[in-house]
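Take a look at the structure below. We will walk through it part by part.

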Amino acid sequence: MTADSTAQGPVLRLDGITKRFGALVANDAVSVSLWPGEVIALLGENGAGKTTLMNILFGHYTADGGSVEVFGQTLPQGNPRAALAAGVGMVHQHFTLADNLSVLENVVLGTQPLWGARLDMAGARAKLVGLAQEFGLAVNPDARLGSLSVGERQRVEILKALYRDARILILDEPTAVLTPQQADALFAALRKMVAQGLSIIFISHKLHEVMAIASRVVVLRHGKLVGEVAVKDTDPRALAEMMVGSAITPPELRAAKPGPALLELRGVMTPDRGTVRGLRGVDLALRAGTITGLAGVSGNGQAALADLIAGLERPSGGEMQVAGVAPANWSVAQALGAGIARIPEDRHKTGTIADFTLTENAILERYNKAPFARRGWLDWRAARDFAQSVIRAYDVRCPGPDTRIRLLSGGNMQKLILGRVMEVGPQIILANQAVRGLDIGAITFVQNQLLAARDRGAAVLLISEDLDEILTLSDQIHVMSEGRLSPAFARGTMNAADLGRWMAGEGFERGSHAA
Amino acid sequence: MRLEVIARPSVWRMIGFPATALVLTVVFGSALALLAGANPFQTLGLILRGAAGSQFALLETLNRATPLIFTGLAVAVAFRAKLWNIGAEAQLYAGALMAVLLGTGALGWPSGLLLPAMAGAAMLAGALVLLGPAILKTRLGVDEVVTTLLFNFIMLLFISMLLEGPLKDPMGMGWPQSSRLVPEARLPRIVDGLRLHWGFGLALIAAVLVWVIQSRTTLGYEMRAVGQNKQAAEFAGIPVGRVILKTALLSGGLAALAGFSEVAGLRGNLTLDLSPGFGYTGIIVAMLALLNPIGVVISAIFVAGVFVGADSMSRAAGVPTYIANIMLATALLTMVLAIALTRFRVRWD
């Protein structure tokens, strides 16, 4: 094929792609074209079929109908190698890199014959350094991957695709792990690639990013293509409504009535645990009747703070007070006893037990307390009644309380967790990434529950990677960076860019709480 | 090639695949019989008759199933909590040792006191044998597969040492065997004149108790939670380490009852060939039963039947008894595969 033909036709044509998983139609006759030098955004809620569509393009799934054409050639189905060879590169949400290898080794991995006598590392290095310079993706080729930050890893992942001569780059939610400033740097690199004639598919559900980087937006809903618009002809609100299929009402906010601090930390430290960064002298007060937002790039100590409040971690320095008392031997049992509702970050791994029924999951935190247990004997009738009441009150869509929870969607799982912790009327609520991966209906439901709890006098700690969520819901905001906590910023005093600078570590007094 | 989860397997799948597994086992066994120069139909018939063809055969099968129910329960309880107890053999011998220590005249008690004391001591010994590896696992992260497996050899050599030394029967003509139990220390027969002893009744009771513990008590809930998802259990405040230790005590105790029941119900003394691998076979029994305690009873009887039937067939047809081991191995492998296929669909893409 000649350069002329690529300049005229689309570089990629997805034609009538249909994919069914049992009764679920994940992609329903979706057709998308990508032109040279273009960035299109693939927009849609979780479960709308974005990832399925890209997995078909990349050969991870075979479609039940339709075809994929790259540079005018039909791709064989279900063959990732063919997609790679045709010039399609994918940057996954969860990086597929080896921690114990260097950057260069990671990039080369898989490109050279397995049984070759020696690797052409010098040539590879020159190519990698050249690419890095060309697109402004600075990395040290000899750094061990394990020592890199998330932003750097993402660059490696992109370079890996470019190294394989990708002409079409698919980025799956690339900004989820970045500060707003890092995201801007990524966008700058992407623009350079587009200027070189590369084409990019950008998967996201963050509207302002889509507006910033894409020239065209393709919106999926329930597996169907519901809209295709040029960015210049639309606005975020219209996109959101297209994505959800109805008008969106933002949560209603009443004025906060701050009460006394229900949980206070003064100079609290916790040890590092493996990949979990500990706290380095954190001062925090969670007041009754307020929502405290915690922003930060993930991996900067939010997990340690959440573990501390959840009772899984104890302070190794400083002081913690719960309801005015410093607890001795802080534990999960004590945290539950103190009326702390805990919505864990990972609802699949820590929040629920997949093969347990809804009933068994509903009593997970209180299985050994009345009315669910007496002298070591379980009362399944009481447990089932409780599960039923949660299912009704929190609108958990499920076949019944005896269903294994693994069959539920993420949103319904989260509603069960919410019901489990909220039914006891908690004083303190730890909401760690409470709405991540949920659809807008479930997000609104969870957020309204948190606001209702705040209005009846509970103290809420909202940990989120979504700055819009933090800015909308929080009465005061802290930012975490490298285990340190910023001062509290009152509602309305910060915007996303200000928070981004704190997230990057600016503004913290160096060494003020150093161990 | 990928596996796709089937949300609601059809009845056809639930019955079809395990049935196919059984058919494959029989076909494979027949092929082996043919290879050994025998008529496969006759061989299978002899196995069936030897296992369940007469009252004597049936009771023999149930007798053989008794230790397998205990070790199967021990493995099922442990595996349910993801405690990989490969050491039921060692725990069995620990139980047998206690039965002999208390039952050969050391205590002049009547049966009603002596037998419970022997059983209790056996359970305690078995529990302690597994407690060591369990503590190493929870405190230091030592892999219990290795420690429990190696403990089997330590225990067997320890018993061997005792049987050559302090426990050697002075009347035993030099054989490495213990003295015989006093009559009060023998488990009575369930029906006079028939060989089946009360160990079998005890095993059935144990199976029901384990089922009750697992499904009705907070301890059972904890054990299942820890086995299914340790991280979520920890988050919910379940003391994971302590639950694993409790599981070890229960599992070790159950395996030890196999030793007690074999010595007090069948053999009457302790020898090094007390167990032809009941501890290891218990793993097969538990896996075939999908770790369900009531299922363990059924699968133990099935496994015992194959062994007993093959023994008797071998005498009549001259086909080696090893055919039983091969058929059980085939049954296990095909059944595990069949059960996976009831839950997953294979996609070739």
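How many residues of domain 1 of chain A are in contact with residues of domain 2 of chain A? The count is 10 residues of domain 1 of chain A, and they meet 12 residues of domain 2 of chain A. Two residues are in contact if their C-beta atoms, placed from the backbone, lie within 7 Å. By class, the domain 1 side has five nonpolar, four polar and one charged residues. Here Ala, Val, Leu, Ile, Met, Phe, Trp, Tyr, Cys and Pro count as nonpolar, Asp, Glu, Lys and Arg as charged, and the others, Gly among them, as polar.

A word on the source: this is a predicted model, where local features need pLDDT of at least 70, side-chain atom pairs count only at pLDDT 80 or more, and totals for chains, interfaces and linings use all residues. Residues are numbered from 1 along each chain as its sequence is written, and chains are lettered from A and ligands numbered from 1 in the order in which they are written.

Back to chain A. Domain 1 covers 3-244 and domain 2 covers 261-503; such bounds come from an automatic or database domain assignment. The C-alpha centres of the two domains lie 34 Å apart.

Now find the open sheet of six strands in chain A. The strand order is 6-7-8-3-9-10, with mixed pairing. Strands (E, at least two residues) and helices (H or I, at least four) are DSSP runs, numbered from the N terminus. Two strands pair if DSSP finds at least two bridges between them. The edges are strand 6 (88-91) and strand 10 (224-230) of chain A, each pairing on one side only. Strand 9 (216-221) and strand 10 of chain A run antiparallel, joined by six bridges. There, V217(A) stands opposite V229(A). Helix 6 (150-163) of chain A packs on the sheet and touches strand 6 and strand 7 (168-172) of chain A.

Next comes chain B. It has 13 helices and two strands. Its C-alpha trace spans about 70 × 60 × 35 Å along its principal axes. Buried residues make up 47% of its 349 residues. Buried means that 20 or more other C-beta atoms, placed from the backbone, lie within 10 Å of the residue's own.

Finally, see where the chains meet. 15 residues of chain B are in contact with 25 residues of chain A. Helix 8 (218-228) and helix 9 (230-235) of chain B each supply at least two residues of the chain B side. Helix 8 of chain B gives the largest share, five residues.

Methods. Axes are lines fitted to C-alpha atoms, for helices over the stretch in contact, and angles run from 0 to 180 degrees between N-to-C directions. A residue is buried if 20 or more other C-beta atoms lie within 10 Å of its own, exposed if 12 or fewer, and partly exposed in between; C-beta atoms are placed from the backbone.
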